[in-house]
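Hi,

Here is the structure I promised to pass on. Have a look at it first, and then read my notes below.

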Amino acid sequence: MAFTKELENVDSYFNSSREGVVMQRAVWDGLIYRDPVTNEYVGNLATSWTWIDDTTLELKLREGVKFHNGEDFNADDVVFTVNFVAKEENGVKTQRNVNWMKSAEKVDDYTVRILLKEKFPAAIEFLSGPVSIYPNEYYAEAGPSGMGLKPVGTGPYKVTSVVPGQHFVLEKNENYFDGPKGQPSIGKIDIRTVPDVNTQIAELFSGTLDMIWQVPADQAEKLASMGDFTVANESTMRVGYLSMDAAGRSSMDPNPFKDVRVRQAVNYAIDRKAMVENLLKGKSVQVDTPCFPSQFGCATDAAVVYEYNPEKAKALLAEAGYPDGFTTEFYAYRDRDYAEAIASYLNAVGIKIDFKMLQYSALRELNMKGEVPLSFMTWGSYSINDASAMVSQFFKHGSLDDARDDQVKADLEVADSSTDPATRKEYYAKAIARITEEAYWAPMFSYNTNYVFKSDVEYTPTADEVLRFTTMKWK
């Protein structure tokens, strides 16, 4: 199969791309597993868990599990992994995934306690997603760079070859334990980075690829009409959005995006409904919130909704002192046709675009440094079905927060730490109301994913945008 985007590092804590999530779920295991269909939590590397108090979670671990290099899995691995990733200075890319943990303690060889910094009701959800357990002895020696070149996990597939950013070979773990992911069936997964979708389709026809994904709607429709391939469309939790430098972090001077009227104008300028109907198609929908609507706490009724109104956009720009518009750099890393459509809408109201297309990792670094005035980004929340995985990721004064709004941060602190679901909903709603009133973002739409595979492959995609190799089979 093919990846379109280059994967910066296979080590799951040192990349934040969807391709990295796919590799993470294949190569490593978490303590808990969430069934993608029923959303039920079941044991994975842990067999059971108990809250000792509001900030202490005790877990009983599965015995008899081995890492790919032969190391035995036990409490030492959990303690080492948690204590390493929880320290901010160790540089985990997505701090939101790990910074709720304070540390871990060993009770005995197969019992651990995870200590939280404060109450964090989404802990089980995060432990079922991005928190993978690493072998303590190997990782202490290899570190993120070594793990990126020779990954070692307990997962259903082991990595036998890595050419960084270009080529990854996974082989079935014959000794995989009887866990909720299921036993792998396909013996080898050969993944190459092929950035051009047309090249991927040509290779599908020639037989050098069996499966491609994230195929644009128009090309997926053509392939479906041929009858030689299976084309499956499924919704995802991924949200596309425009982020604007409301806090004035970039060197743009003067910076129009510091004015709420300009940010509101951007929201009014874009016909998101038309983009969904004509470009994304499938199961995509217009999104008005800085989170995915199904996520717990993503209060859609609290959001200010900006309907397409280019005249209103022009009036707001004039009111803000830009009757003739202005010019801005505009960055994107994927879906050039979507980004170009957004740029044309902005051009139409007077916001002239200097368009720059970058690799994801390069644009993420620029964003973290606050050097981007306007960008089209997407976020899949690591498939975590909780608003904290998105709205709190971007609006709590972290390196990717372009708003730096103290009120929003305070509301999210309450929402993220309360153990009362009603309180959580109330304070997420307050944060979402202010974020949308101030138009810090222009939320665009949810994504859907088109999967195209040969007719001899059996696969049913899930709505969390995770390719599960263990559920793929040859017919």
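Let me start inside: strand 15 gives the most to the lining of the second largest cavity, with 4 residues. This is a predicted model, so to speak of a local feature I needed pLDDT of at least 70, and 80 or more for side-chain atom pairs, while totals for chains, interfaces and linings use all residues. Residues are numbered from 1 along each chain as its sequence is written, and side-chain values use heavy atoms, with hydrogens and water left out.

A few terms before going on. Helices (H or I, at least four residues) and strands (E, at least two) are DSSP runs, numbered from the N terminus. On a 1 Å grid over the protein atoms alone, a cavity is a set of points where a 1.4 Å probe fits but cannot get out; a pocket is an open set with protein on both sides within 12 Å along at least five of seven lines, and lining residues have an atom within 4 Å of a point. Grid points are joined across faces, edges and corners, and a volume is the space filled by probe spheres set on the points.

**Cavities**

That second largest cavity has a volume of about 120 Å³. It is lined by 13 residues, with Tyr241, Asn367, Met377, Phe394 and Leu400 closest to its centre. Besides strand 15 (374-379), strand 12 (229-244) and helix 11 (360-368) each supply at least two lining residues. The lining splits into 7 nonpolar, 4 polar and 2 charged residues (Ala, Val, Leu, Ile, Met, Phe, Trp, Tyr, Cys and Pro count as nonpolar, Asp, Glu, Lys and Arg as charged, and the others, Gly among them, as polar).

In total there are 6 cavities of 30 Å³ or more. The largest has a volume of about 200 Å³ and 23 lining residues, of which Arg25, Ala26, Tyr33, Lys181 and Arg468 lie nearest its centre. Helix 1 gives the most to that lining, with 4 residues.

The largest pocket has a volume of about 810 Å³. Among its 34 lining residues, Thr4, Val197, Arg334, Asp335 and Arg336 are the closest to its centre. Strand 16 provides the largest share of this lining, 4 residues, and the lining counts 13 nonpolar, 11 polar and 10 charged residues.

For the second largest pocket the volume is about 610 Å³. Gln95, Arg96, Asn99, Lys396 and Gly398 are the closest to its centre out of 28 lining residues. Helix 13 gives the most here, with 4 residues, and the lining holds 6 nonpolar, 10 polar and 12 charged residues.

Four strands form an open antiparallel sheet in the order 4-5-7-6 (two strands pair if DSSP finds at least two bridges between them). Strand 4 (46-53) and strand 6 (101-108) are at the edges with a single partner each, so one side of each is left without a neighbour in the sheet. Strand 4 is joined to strand 5 (residues 56-61) by 6 bridges, and Thr50 has Glu58 in strand 5 as its bridge partner.

Cheers
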